[in-house]
Amino acid sequence: MWLTTLMFGALGVCWGSNFIYMKLAADFISPAQMTLLRVGCGFVPLALVAWQRGVLRLDQWRLLPHFLVMALLATAFYYFAIAKGTALLPSAVAGVLGGTIALFTTLASLALLRAERPNAAMVAGVLLGFLGVVLLIAPWQAAGLALDGHGVLWMLGAAALFGGSYVYVSRYLAPHGLPPLALVTWQMGLALLALLLVTDTSGLAALWQHPRALAGVTIGLGVLGTGMAFLLYYALLERLGAVASAAATYLTPAVALAIGWANGEAVGLREVAAAGVILLGVAVVQAGRRT
């Protein structure tokens, strides 16, 4: 039991610390370069474990078009959008907005999957969650105090895109019984190839002059926050099941808020309350889904 608890906490820390790593690197490299490094460093541990477990097979090539869709939308562009949004916002705020993925997943599944039927708890949870988003953004604030609107849109767009990818997986990949580790390894590998083709790497070497940012984006964001985080999540999935494992996402905004505050960002009562309302909405949605 203690090992499961340790893994649960480690996963929350890995996910929640991603935003400060992106914020540190944003001063020196572009969001596209950050995404390239993240995917490349995250792909290595996933590929090694997938190869060791033998989950990658030649007959999976027939699913290559679906892997490519997931690689481009749910990996390359998703991570780019997260990096873009985090560069424009405080890392704590970006982390809280990242916690809305479950809300968008619910909306997409209710709208597009016939097997999903909404109930009062799920609808109330989604509404409550987005009320928390409004509280966080606080559009009534004076212009000088308002959050960067483009940053907010990038974060919410990324969450909506990732939430919609759940529907795509459910429709086109889940029926094939593909091991989750195989799916994420394929999509990360293909995303890495695509990013290598389109990313301008000029100036990337300048990151070597800033060891803290370099370590953050490669080890913290890539190896730990992406590769190891996926491995921890799938290990918890085997031990606890999908619903219990998904509860690790509740830790992400809390960790992001704590790290942002420790790094001197303005984290007040409104930010904490907004995170609490969003997480309460997610919890109500999960309860409704179980019902």
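**Labels and their cut-offs**

Author: Among contacts in the protein between residues at least 6 apart in sequence, 88% join residues at least 24 apart; contact means heavy atoms within 4.5 Å. This is a predicted model: local features need pLDDT of at least 70, side-chain atom pairs count only at pLDDT 80 or more, and totals for chains, interfaces and linings use all residues. Residues are numbered from 1 along each chain as its sequence is written, and side-chain values use heavy atoms, with hydrogens and water left out.

Reader: How many helices and strands are there in the protein?

Author: Twelve helices and zero strands. Both are DSSP runs, numbered from the N terminus: helices are H or I with at least four residues, strands are E with at least two.

Reader: What share of the residues counts as buried?

Author: Of the 291 residues, 48%. Buried means under 20% relative accessible area, exposed over 50%, and partly exposed in between (1.4 Å probe, protein chains only).

Reader: How many aromatic pairs does a search of the whole structure find?

Author: Twelve. One of them joins Phe77 and Phe80, 6.2 Å centre to centre with 40° between the planes.

Reader: Why is the pair of Phe77 and Phe80 called tilted?

Author: Rings of Phe, Tyr and Trp (its six-membered ring) pair if their centres lie within 6.5 Å; planes under 30 degrees apart count as stacked, over 60 as edge-to-face and the rest as tilted. The Phe77 and Phe80 centres are 6.2 Å apart, so they pair, and 40° makes the pair tilted.

Reader: Why are Phe77 and Phe80 separated by about one helical turn?

Author: Because they are three residues apart in helix α3 (residues 64-88).

Reader: What makes Tyr168 and Tyr172 an aromatic pair that is tilted?

Author: Their centres are 4.7 Å apart, with 50° between the planes. Both lie in helix α7 (residues 149-173), four residues apart, about one turn of the helix. Tyr172 is partly exposed, at 36%.

Reader: Which residues form one aromatic cluster?

Author: Trp15, Phe230, Tyr233 and Tyr234.
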